[in-house]
Amino acid sequence: MRFLLPPVMGSVLELDTGAGTPLRTYITGDTLFRRDLERVVERCGPIDAMVVHLGGTRIAGMTVTMDDRQGVKLVHAIRPKLTTPIHFDDYKVFKSPREDFVARFTRDAAPGDLRLVDRGQTIPLTS
């Protein structure tokens with residue numbers, strides 16, 4: 001399956017205003033959960049906010065983007081202070097709505113705060 005999918009990437013953005021510890025935000029990009037994503041924290045330091053791309057995209061019977069289960073596994077691995085799920089209803093191939101992630105986040109006692117954002121809204125990424 002790997003040869004059928006394009007390469008994906010996530011990014012850690014660090015905002016350093018010089019007024020203390022920088023704000024680190026991890027934007028997952030369209031990916032699947034895998035254990036080596038835990039290295040994000042090893043390489044970059046603690047994550048303040050994680051913007052997790054979800055959707056549970058299924059193509060030809062295979063999941064190719066994180067669903068609610070994988071998203072919450074990633075939250076447990078990264079342990080951000082704040083998690084914001086996005087990119088969960090943009091296409092018809094998405095099979096994992098945001099409500100599933102919210103329910104699993106609560107049920108699995110995921111670490112940190114969950115902050116939802118809707119199209120056209122803005123939210124702070126700090127407490």
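Tutor: Helices (H or I, at least four residues) and strands (E, at least two) are DSSP runs, numbered from the N terminus. The model is predicted, so local features need pLDDT of at least 70 and side-chain atom pairs count only at pLDDT 80 or more, while totals for chains, interfaces and linings use all residues. Residues are numbered from 1 along each chain as its sequence is written, and side-chain values use heavy atoms, with hydrogens and water left out.

The open sheet is built from five strands in the order β1-β2-β3-β6-β7, and its pairing is mixed. Two strands pair if DSSP finds at least two bridges between them. The edges are held by β1 (11-15) and β7 (113-114); each has a single partner strand, so one side of each is left without a neighbour in the sheet.

Next come the pairs, taken across the sheet. Strand β2 (residues 23-27) runs parallel to strand β3 (residues 49-53), and three bridges join them. Y26 has M50 of β3 as its bridge partner. Helix α2 (residues 68-78) packs on the sheet and touches β2, β3 and β6 (82-86). The direction of α2 makes about 160 degrees with that of β3; axes are lines fitted to C-alpha atoms, for helices over the stretch in contact, and angles run from 0 to 180 degrees between N-to-C directions.

Between β3 and β6 there are five bridges, again in the parallel sense. M50 turns up here too, with T83 as its bridge partner in β6. T83 in turn stands opposite L114 of β7, where β6 and β7 pair in the parallel sense over two bridges. Of the five residues of β6, four are buried (under 20% relative accessible area; exposed is over 50%, partly exposed in between, with a 1.4 Å probe and protein chains only). Strand β6 is therefore largely enclosed by the rest of the structure.

Back to T25. At 7% relative accessibility, T25 is buried. Setting aside neighbours within four places in sequence, T25 is in contact (heavy atoms within 4.5 Å) with S11, V12, L13, A49, V51 and L125. S11, V12 and L13 fall in β1 (11-15), and A49 and V51 fall in β3 (residues 49-53).

T126 and T25 are 101 residues apart in sequence, and their C-alpha atoms are 10.0 Å apart in space. Not counting residues up to four places away in sequence, T126 touches L23 and R115.

Two loop residues remain. R79 sits in the loop between α2 and β6, and its phi is near 60 degrees, a positive value in a residue other than glycine. R79 is exposed, at 54% relative accessibility. A109 is in the loop between α3 (98-107) and β7. Although A109 is not a glycine, its phi is positive, about 50 degrees. At 58% relative accessibility, A109 is exposed.
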